[in-house]
Amino acid sequence: MTTLTSPFSAGPSRALAWLLGALWVLPLLLLGWVAFRPGAGALQFDLAGPWGLDNFRAAWQVAPFGHYLLNTVAIVTLLLALQLTVCTLAAYALARLRFAGRGLVFALVLLQLMVMPEVLIAENYASIARLGLVDRWLGVALPYVASAFGIFLLRQTFMTVPQELEDAARIEGLGRLAILWRVYVPLARPTYLAYALVSVAYHWNNFLWPLVATNTEASRPLTVGMALFAAPETGVDWGVLSAGTLLSVGPLLAGFLVFQRQFMQSFMHAGLK
Amino acid sequence: MTVTPTRTPPSPRRPAGQAALAWALLAPALLLLAGFTYGPTLASLWQALHTEAPGLPAAFTGADQLRALAEDPVFRQALRNNALYAAVTVPLSVGLALAMALWVQDRFAGRGLLRLAFFTPTVLPMVAAANLWLIFYAPDIGLLNRALAWAGLHGPNWLGDAGTALWALMAVTVWKEAGFFMVFYLAALQSLSPELMDAARLEAPSAWTRLRRVTLPLLAPTTLFVGVNALINAVKLVDHLFVLTRGGPNNASTLLLYYLYEIAFKFQDLNYAAALTLVLLALLGAVSAAQFWLARRIHYR
């Protein structure tokens, strides 16, 4: 690749880049450091001090991280499955079926991009309370299922599928839903992957709505557990706090390091639309 | 499903059947959108215009709630804080994102590592980032103040001091977001045409001139996209408040969405919360309108 923008490739500039990079990872490195220093040694920075896993043991005893993790995985999986189903059906209708009011429906869907679910937490809490879904995985997932972003992204992709393919499949005798499943869905696989990664990342990290929608360990995800863990009332020390935080983000960080490339590309794809 | 006879060309047919199928396919999405977006929006409007006391029917009070909000010192403070928060974090994180992208787009030894360093904070939940920064900001034993003490300085109580609390939150936000926005700039830089950049190299020998006159204008649509997202995040992202300051001390670091949460779930004043919801929706609407208007001017190519 040719150099497009030389001022940022020059020597001093590159040194500045490394400095900023170091500054950017410093907090994470310190988190790792502190987590492995037991007892009062947590914030002492002599290499000769004791190392150990005591903090992790203590953190595991203070909070049910295993349960939190299970809840997070369950919520994210349930939500993604529902999102993909609901958005696929809607996107196909908007991309390939002709009916009166299509433009209006699409505009209504796009309108949702403007309204953040976060702003509606009070009303949405009332809604899931009426449905008896407070403190349930489904209750945490439901407000985000009809993702306007997902519908939009899939509609754009479906529209690029050649109409001839659908016609050919119809001549073979396939019904609309079979065509959707056997022609459109496989061809849109990259879009599904990109959307799935963005959705999982977003909802794995989501906090405010799960905080509102859950109230017991039975359904609390990691983010909410982590925030309770850091509350001064729990009286955990720095080492234990760091260990607990590391326990919570460990699976996510590991997953990210493995799928780094696809991850960044998904965000690019989603951003460029 | 209806299987069409194969003799006739299949494309334009049976609009009635298509319409029925279309509505059936759209039904789940529309039902959920109605239940969790449009319904709540309209309900907020209704609630904001009424007052309910326990045991009494709701009374129409018109714009009373909104008027009370306008005179509420905490709301005004949250509005001011949020404006400052956006004014600082948006340009800073977008600017850093652009610099990061320009830094790591060319091939050099360690590029992958540097990209990873910039991007990793993005992957963490904001709550985890807050836990981590708690270790820096703690008053006496926090790492920041111990570093200052090492240099012979006495650091403030970063989170407990009204003068520094909001700034401490801003630092976490910028640290968390810059790497995320970098990714969009990287994508945009990769899609710039090499011929165009070669031509620019002939025309403008100075790299800075090229950056200013050619690259930045071509990146304008990305800057708009990233800027709008940063602006929306400045309203949306309040997770770190729960861990770091809870809006304190004395509301010095409270933000609009956090105040909405407090009104709705701590004080349980749903009518008042609805009024604040309307204000936030209006702000978001204004951002969308501005984005729409700007997008038309930027995509001039």
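**The interface and its contacts**

Modeller: Between chain A and chain B there are six residue pairs in polar contact, both residues being at pLDDT 80 or more. The model is a predicted one. Helix H1 (residues 11–35) of chain A gives the most to the side of chain A that touches chain B, namely 14 residues.

Colleague: What makes up the side of chain A that touches chain B, in nonpolar, polar and charged residues?

Modeller: That side divides into 67 nonpolar, 19 polar and eight charged residues. In total, the contact takes 94 residues from chain A and 101 residues from chain B.

Colleague: How is the size of an interface often given?

Modeller: It is often stated as the accessible area that is lost when the parts come together. For chain A and chain B the buried area is about 9100 Å², with 77% of it on carbon and sulfur atoms.

Colleague: Why is the pair of Trp133(B) and Trp175(B) called edge-to-face?

Modeller: The ring centres of Trp133(B) and Trp175(B) are 5.7 Å apart and the planes stand at 65°. Trp133(B) lies in helix H5 (residues 126–137) of chain B and Trp175(B) in helix H7 (residues 165–190) of chain B, so the pair ties together parts that are 42 residues apart in sequence.

Colleague: How do you know whether Trp133(B) is buried or exposed?

Modeller: The relative accessibility of Trp133(B) is 12%. Buried means under 20%, and therefore Trp133(B) counts as buried. Trp175(B), with a relative accessible area of 3%, is also buried.

Modeller: Phe242(B) and Tyr258(B) form an aromatic pair as well, with 4.9 Å centre to centre and 70° between the planes. That angle is over 60 degrees, so this pair too is edge-to-face. The pair links distant parts of the chain: Phe242(B) is in helix H11 (residues 239–244) of chain B and Tyr258(B) in helix H12 (residues 256–266) of chain B, 16 residues apart.

Colleague: What are the relative accessibilities of Phe242(B) and Tyr258(B)?

Modeller: Phe242(B) has 7% and counts as buried, and Tyr258(B) has 2% and is buried. Both residues belong to one aromatic cluster, formed by Tyr125(A), Phe207(A), Phe242(B), Tyr258(B), Tyr261(B) and Phe265(B). Over all chains, the count comes to 25 aromatic pairs.

**A buried asparagine**

Colleague: Why is Asn145(B) called buried?

Modeller: Asn145(B) has a relative accessibility of 5%, which is under the 20% limit, so it counts as buried. Asn145(B) is placed in helix H6 (residues 143–150) of chain B.

Colleague: Which backbone oxygen does the side chain of Asn145(B) reach?

Modeller: The side chain reaches the backbone oxygen of Pro156(B) at 2.9 Å. Leaving aside neighbours within four places in sequence, Asn145(B) is in contact with several residues, among them Phe136(B), Asp140(B) and Trp158(B).

**Salt bridges**

Colleague: What makes Arg57(A) and Asp54(A) a salt bridge?

Modeller: The closest N and O atoms of Arg57(A) and Asp54(A) are 3.3 Å apart. The limit is 4 Å, so the pair qualifies. Both residues lie in helix H2 (residues 54–62) of chain A, three residues apart, about one turn of the helix.

Colleague: Why is Asp54(A) called partly exposed?

Modeller: Its relative accessibility is 41%, between the limits of 20% and 50%, so Asp54(A) counts as partly exposed.

Modeller: In chain B, the side chains of Arg67(B) and Asp64(B) meet in a salt bridge at 3.0 Å, N to O. These two lie in helix H2 (residues 64–71) of chain B, three residues apart. Arg67(B) is partly exposed at 48%, and Asp64(B) is partly exposed at 39%.

Colleague: Which residues are joined into one network by salt bridges that share partners?

Modeller: Glu166(A), Arg170(A) and Arg176(A) are joined in this way. Between Glu166(A) and Arg176(A), the closest N and O atoms are 2.8 Å apart. Glu166(A) is in helix H8 (residues 163–171) of chain A and Arg176(A) in helix H9 (residues 176–187) of chain A, 10 residues apart. Glu166(A) and Arg176(A) are both buried.

Note on methods:
Residues numbered from 1 in each chain as written. Chains lettered and ligands numbered in written order. Heavy atoms only, no water. Contact = heavy atoms within 4.5 Å. Buried area = accessible area lost by both parts, 1.4 Å probe. Polar contact = N/O pair within 3.5 Å; in protein donor to acceptor, adjacent residues only side chain to side chain. Helix = DSSP H or I, 4+ residues; strand = E, 2+ residues; numbered from the N terminus. Nonpolar A, V, L, I, M, F, W, Y, C, P; charged D, E, K, R; others polar. Phe/Tyr/Trp six-rings, centres within 6.5 Å; stacked < 30°, edge-to-face > 60°. Buried < 20%, exposed > 50% of the residue type's maximum accessible area, 1.4 Å probe, protein only.
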